[in-house]
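Take a walk through this structure with the sequence beside you.

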Amino acid sequence: MTRNTRPAFGTLLFFAIAFALSLYFTFAAVQGDFGLFRRTEIVAENQKLSDRLAEVRAEVARMENLTRRLSDDYLDLDLLDERARKVLGMVRTDEIVIR
């Protein structure tokens, strides 16, 4: 009987390929397009956009309130007076204007 003292090249190649693939998939799971870091970026962007949406909704509600207060059904005379003076540059007769 003869013994083969040389290590099996096929076994070494198999483990080298398996190690390389595990490194690749680990890197892809962390840094890839669908990895953990990308998920963190998406969650942060989602939070930022949700905050912006809340700001825009508040602004829309404020504008709807002002529009309703200037409508024919509900006329706020103080708001109408303020807008006319601001837009048209009108001044009351009892006001003092300093330029």
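Tyr-24 is exposed, because its relative accessible area is 51%. The cut-offs are these: buried is under 20% relative accessible area, exposed is over 50%, and partly exposed is in between, with a 1.4 Å probe and protein chains only. Tyr-24 sits in helix α1, residues 9-31. Helices here are DSSP runs of H or I with at least four residues, strands are runs of E with at least two, and both are numbered from the N terminus.

This is a predicted model, where local features need pLDDT of at least 70, side-chain atom pairs count only at pLDDT 80 or more, and totals for chains, interfaces and linings use all residues. Residues are numbered from 1 along each chain as its sequence is written, and side-chain values use heavy atoms, with hydrogens and water left out.

Which residues make the nonpolar surface patch with Tyr-24? They are Phe-9, Leu-12, Leu-13, Ile-17, Leu-21 and Phe-25, together with Tyr-24 itself. The patch covers about 800 Å². Patch residues have over 30% relative accessible area and no salt bridge; like charges are joined within 9 Å, and nonpolar side chains (Val, Leu, Ile, Met, Phe, Trp, Tyr) within 5 Å. Accessible areas come from the Shrake-Rupley method with a 1.4 Å probe, and for residues only the protein chains shown count as cover.

Now look at the rings. A pair of aromatic rings is described by the distance of the centres and the angle of the planes. The whole structure has two aromatic pairs. Phe-14 and Phe-15 form an edge-to-face pair, with 5.4 Å between centres and 70 degrees between the planes. Both of these residues, Phe-14 and Phe-15, are exposed. Tyr-24 and Phe-25 also pair edge-to-face, at 5.3 Å centre to centre and 65 degrees between the planes. Phe-25 is exposed, since its relative accessible area is 54%. Rings of Phe, Tyr and Trp (its six-membered ring) pair if their centres lie within 6.5 Å; planes under 30 degrees apart are stacked, over 60 edge-to-face, and the rest tilted.

Move on to residues 39-73. The unreviewed UniProt entry annotates them as "coiled-coil region". UniProt positions follow the numbering used here, feature names are shortened, and annotations may be inferred rather than shown by experiment. In the model, residues 39-73 are 89% helix and 0% strand, and their end C-alpha atoms lie 50 Å apart.

Charged pairs come next. Side chains of opposite charge can pair when their charged atoms come close. How many salt bridges does the structure hold? It holds five. Each needs a side-chain nitrogen of Lys or Arg within 4 Å of a carboxyl oxygen of Asp or Glu.

Arg-38 bridges to Glu-41, with the closest N and O atoms 3.2 Å apart. The two are three residues apart in helix α2 (residues 36-69), so about one helical turn separates Arg-38 and Glu-41. Arg-38 is partly exposed at 34% relative accessibility, and Glu-41 is partly exposed at 47%.

Arg-52 and Glu-55 form a salt bridge too, at 3.4 Å from N to O. They lie three residues apart in helix α2, about one turn. Arg-52 counts as partly exposed, because its relative accessibility is 48%.

Arg-62 and Glu-59 meet at 3.0 Å, N to O. Three residues of helix α2 spacing put Arg-62 and Glu-59 about one helical turn apart.

One last stop is Arg-68. Arg-68 lies over the face of Tyr-74, at 4.8 Å from the ring centre. A charge sits over a ring if NZ of Lys or CZ of Arg is within 6 Å of the ring centre and within 35 degrees of the ring normal.
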